[in-house]
Amino acid sequence: MKNKYVILFSTLLSILIVSSGCAISGEEKITIEVNSESEYVETFKDLNLGVLFDFNIKLPNADKSWVNLWVERYIDGELESEPLTQLSYGNSPNKVQEGHLGFGMINTSSEDDTLVFLYGPSVRTNPARIEKETKSGVFRGSEYAIGNDKVELELGETKILGVYRETEGGSMRTFDYQDDDSINQMIQQDDEVILLKIKVEERIINY
């Protein structure tokens, strides 16, 4: 009789462990994916406005999440003391939130000025002016730092989403945008590097 209870308990415990494992693995994750053919991007292209990085982000626990989005700028290998622009938002009244998120660089009529801005679902920054030195013979490029598939974001993790680069010459070396050593090499090699970064944290604000 005792052996029966031991076997029954062991069976129930195994079921509970398996069920618990399934529940954890099945939890919905924070995801972000490139939206390179969105209406936002096409409008920028049609009007020749500049560069736009557009993504779709999904927060399964938006009421308990806080999104930090910022842009770092490096000139000749040195990080500027303040971000070019930054945006923080969160604690949505909705448990699940999904929408556009991104970074834009608008070319103005003056070659020395560029306007930059960030946006998320229902939020955005006002365009901020940055000075850019006029140079000849400079090769410019912008790339998404993540692939076309959905990427899961872990809480507290900093992820590079987009890269804008300028360097003298007619070509640019390829780098791994998710490898710290590779990013550092790029920063030291190129004349100017702009990085779009994101970090999602768990935060509850009681009003």
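Ser-142 has Tyr-164, in strand 12, as its bridge partner. That pair belongs to a larger pattern in this predicted model: strand 10 (residues 138-144) and strand 12 run antiparallel and are joined by seven bridges. Strand 12 also pairs with strand 13 (residues 192-202), again antiparallel, through eight bridges.

| Strands paired | Direction | Bridges |
|---|---|---|
| Strand 10 (residues 138-144) and strand 12 | antiparallel | seven |
| Strand 12 and strand 13 (residues 192-202) | antiparallel | eight |

How many of the 11 residues of strand 12 (residues 158-168) are buried? Nine of them are, and the strand is mostly covered.

**The chain as a whole**

The protein chain contains three helices and 13 strands. It has 207 residues, of which 40% count as buried. Taking contacts between residues at least 6 apart in sequence, 66% join residues that are at least 24 apart. The mean pLDDT of the chain is 84, with 83% of residues reaching 70 or more. Residues 1-26 have pLDDT below 50, and beyond near neighbours in sequence this stretch makes zero contacts in the model.

**Nonpolar cores**

In soluble globular proteins, nonpolar side chains tend to be buried together. Here the largest nonpolar core has 30 residues. Those with the most contacts inside this core are Ile-32, Phe-55, Leu-101, Phe-103, Leu-161, Leu-196 and Ile-198. Strand 2 (residues 50-59) supplies the largest share of the core, five residues. Another core, of 11 residues, lies apart from it; among its members are Tyr-74, Ile-160, Tyr-177 and Met-186.

Leaving aside neighbours within four places in sequence, the contacts of Ile-198 include Ile-32, Ile-57, Val-67, Trp-70, Leu-101, Leu-153 and Leu-161.

**Helix 3**

Which residues of helix 3 (residues 180-189) are buried? They are Ser-182, Ile-183, Met-186 and Ile-187. Seen down the helix axis, the buried residues fall within an arc of 140 degrees, so they line one face of helix 3. The face turned away from this buried side carries the exposed residues Asp-180, Asp-181 and Gln-188. Strand 3 (65-75), strand 12 and strand 13 are included in what covers the buried residues of helix 3. At the start of the helix, a side-chain oxygen of Asp-179 comes within 3.3 Å of the backbone nitrogen of Asp-181.

**Two strand residues**

Thr-31 sits in strand 1 (residues 30-34). Is Thr-31 buried or exposed? Its relative accessibility is 15%, and the cut-off for buried is under 20%, so Thr-31 counts as buried. Apart from neighbours within four places in sequence, Thr-31 is in contact with Asn-56, Ile-57, Lys-58, Lys-150, Val-151 and Glu-152.

Glu-131 is part of strand 9 (residues 128-131). Its relative accessible area is 56%, which means that Glu-131 is exposed. Glu-131 and Asp-113 are 18 residues apart in sequence, while their C-alpha atoms are 5.0 Å apart in space.

Note on methods: Residues are numbered from 1 along each chain as its sequence is written. This is a predicted model: local features need pLDDT of at least 70, side-chain atom pairs count only at pLDDT 80 or more; totals for chains, interfaces and linings use all residues. Side-chain values use heavy atoms; hydrogens and water are left out. Helices (H or I, at least four residues) and strands (E, at least two) are DSSP runs, numbered from the N terminus. Buried means under 20% relative accessible area, exposed over 50%, partly exposed in between (1.4 Å probe, protein chains only). Contact means heavy atoms within 4.5 Å. pLDDT is the predictor's confidence in each residue, from 0 to 100. A nonpolar core is a set of buried Ala, Val, Leu, Ile, Met, Phe, Trp, Tyr and Cys residues joined through side-chain atoms within 4.5 Å. Two strands pair if DSSP finds at least two bridges between them. The arc is that of the directions from the helix axis to the C-beta atoms. A polar contact is a pair of N or O atoms within 3.5 Å; within protein, one must be able to donate a hydrogen and the other to accept it, and residues adjacent in sequence count only if both atoms are side-chain atoms.
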